[in-house]
Amino acid sequence: MTLVTLPGKILDKAHHTLLLMQEDAACHAICVLNDSRIGNVRSKLRLIETIAARKLDHGEIAFDGRVWITTADLPHPTPH
């Protein structure tokens, strides 16, 4: 699945950022929990799109139909 954030469809709120993403004709609401580890969502759109696509592929959709992304969904650096 390839998701693309729709231009101008990013809404920043105090506790989360809401993005509207599209795959073919389907649109999906993606919520990113604002957290210092995630940082500026707009600068990480490719990463957020990849995480959202993976979660949709695995059926990880909240009761409200949204896909929620938190710091737990971010890639973890491997220890050296």
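User: Lys and Arg count as positive and Asp and Glu as negative, while His and the chain ends are not counted. On that basis, how far apart do the centres of the positive and negative side chains of the protein chain lie?

Analyst: The model is a predicted one, in which local features need pLDDT of at least 70 and side-chain atom pairs pLDDT 80 or more, whereas totals for chains, interfaces and linings use all residues. Residues are numbered from 1 along each chain as its sequence is written, and side-chain values use heavy atoms, leaving out hydrogens and water. Each charge is placed at NZ of Lys, CZ of Arg, CG of Asp or CD of Glu. With 9 positive and 9 negative side chains, the two centres are separated by 7 Å.

User: Which residue of strand 2 stands opposite Leu11?

Analyst: Two strands pair if DSSP finds at least two bridges between them. Strand 1 (residues 4–12) and strand 2 (residues 16–23) run antiparallel and share five bridges, and a hairpin of three residues connects them. Opposite Leu11 stands Leu18.

User: Is Gln22 buried, partly exposed or exposed?

Analyst: Buried means under 20% relative accessible area, exposed over 50% and partly exposed in between (1.4 Å probe, protein chains only). Gln22, in strand 2, is in contact (heavy atoms within 4.5 Å) with Thr2, Leu3, Val4, Leu6 and Cys27, leaving aside neighbours within four places in sequence. Because its relative accessibility is 29%, Gln22 counts as partly exposed.

User: Which value is phi of Asp24 near?

Analyst: Asp24 lies in the loop between strand 2 and strand 3 (26–33), and with a relative accessible area of 69% Asp24 is exposed. Most residues other than glycine have a negative phi. Asp24 instead has a positive phi, near 55°.

Methods:
Helix = DSSP H or I, 4+ residues; strand = E, 2+ residues; numbered from the N terminus.
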